[in-house]
Amino acid sequence: MIPGPIEFEPSVLRAAGSATNSHVAPDFIETFGHSLDMMKEVWQCPSGQPFVLAGSGTLAMDTAAANLIERGDQALVISTGYFGDRFADILARYGAVVKVLKSPVGGVVDTDLIEAELKINQYKLLTFTHVDTSTAVKVDPRPIGQLGKKYGVITILDGVCSVAGEEIRQEEWGIDVVLTASQKAIGVPPGLALLVVSPKAMNVWKNRTSPVGSYYSDWTNWLLIMNAYADRKPSYFGTPAVNLVAALEVSLQLILKEGLEARFARHKNTGAAFRSGLKALNIKQIPLSDEIASNTLSAPWFPDGIQNQNFLSSVSANGVILAGGLLPEIKGKYFRIGHMGSVNQGDILSTMGAIEAGLASCGYSFTKGAGINAAFASLNAF
Ligand code: PMP
């Protein structure tokens, strides 16, 4: 139950483990093309340009920056944790003049502050992290999409910890780039960087006056390949991660079979159940309110006197693996529970049980069973 890599469906793993195909075999071309079609559905962006590259989520961020930034462009980063700060570094590497609007730990940046900043400076793009995996803080993409339209700024959503878990309507909400990695709510082993790019952002890229600063990521190379697969034709630039793309097709099919609305609702219920369980144990969480708490992971503070390693080892001895803190300024003071993808009621209750066992072994005083009962009641509000 860490926030990625998550546990994968057996059918996805079987696809990943099947005999490796040629990247120009007719059935692989169909698999790739079908995956590109389904990405537009899952991202809810029918006019978008999907990209599937071999690499991790950081490559997806790097690709967006490399293709959309030219030296001297102004970029605004809205940071709600570790991954916002990473985006600032990446943008600066490609020559952007970067301004970071940083939230307090557990909070979000006020929309008015973002608008005030957009009024002062001519930004080319802004980035924000939908769910920051270091804080479990969720940002509402809607007002940011509207600001992007109003001020003619390209909006980039880091959805590594949200796509296929939290609600995203890329086209309707006017977000120009939504990027993710395969190993989280998309449900495919690590190794794919996935992006869907709006026609507006593709135009900005087409009108560049300088070459893209990364050879591998340059959309000049990849657009032809994506178009070829979409048209069910063979092509080659760099060998695709054939087995992972086979797994991606299966996972996207499972996501669409569940239905996006049902999947978002399931994640909402799961997030609410964990929050209820933790509250019943008197454990505070990093997000300052439930409205900005993510549904794909939870980030609880350790109660006074509980030590990171003792607690996590004890939870693990009870059969559940959780993650430690990530945000440097508070690293040892909190832990993280991932609950995205195919998490069911049994996983939630056994995780709450292991957390209770860990707390008990560390000498924390609480009513035994309170967390499990509250999570169960939240899941079954009958
Ligand atoms: N953004 C967010 C929100 C993430 O959670 C992560 C990974 N945890 C990344 C970016 C970077 O992805 P990767 O580790 O796959 O490079």
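How far is a nitrogen atom of the ligand from an N or O atom in the side chain of Lys-184? The distance is 2.9 Å. This value, like the others in this report, comes from a predicted model.

## The ligand and its surroundings

The ligand is surrounded by 14 residues. The closest are Ser-56, Gly-57, Thr-58, Thr-133 and Asp-158. Asp-158 places a polar side-chain atom 2.7 Å from a nitrogen atom of the ligand. For Gln-183, a polar side-chain atom lies 2.9 Å from an oxygen atom of the ligand. Taken alone, the ligand exposes 390 Å², and the protein buries 86% of that area.

Two helices, α3 (57-68) and α4 (82-93), each supply at least two residues of the shell around the ligand. Helix α3 gives the largest share of this shell, with three residues.

## The seven-stranded sheet

Seven strands form an open sheet with mixed pairing. Read across the sheet, their order is β1-β9-β8-β7-β4-β2-β3. Strands β1 (49-54) and β3 (97-102) are the edge strands, and each of them pairs on one side only. On average, neighbouring strands of the sheet are turned by 20° against each other, direction ignored.

## Strands around β12

Strand β12 covers residues 335-338. Phe-335 and Ile-337 point one way from this strand, while Arg-336 and Gly-338 point the other way. All four of these residues are buried.

Which strands pair with β12 in the antiparallel sense? One of them is β10 (residues 297-298), joined to β12 over two bridges. In this pairing, Ile-337 in β12 is the bridge partner of Ser-298. Another is β11 (residues 323-324), which also runs antiparallel to β12 and is joined to it by two bridges. Here Ala-323 stands opposite Arg-336 in β12.

Key: Residues numbered from 1 in each chain as written. Predicted model: local features only at pLDDT ≥ 70, side-chain atom pairs only at ≥ 80, totals over all residues. Heavy atoms only, no water. Pairing = 2+ DSSP bridges. Helix = DSSP H or I, 4+ residues; strand = E, 2+ residues; numbered from the N terminus. Axes fitted to C-alpha atoms, helices over the stretch in contact; angles between N-to-C directions. Buried < 20%, exposed > 50% of the residue type's maximum accessible area, 1.4 Å probe, protein only. Near = heavy atom within 4 Å. Polar contact = N/O pair within 3.5 Å; in protein donor to acceptor, adjacent residues only side chain to side chain. Areas by Shrake-Rupley, 256 points an atom, 1.4 Å probe, with all protein chains shown as cover.
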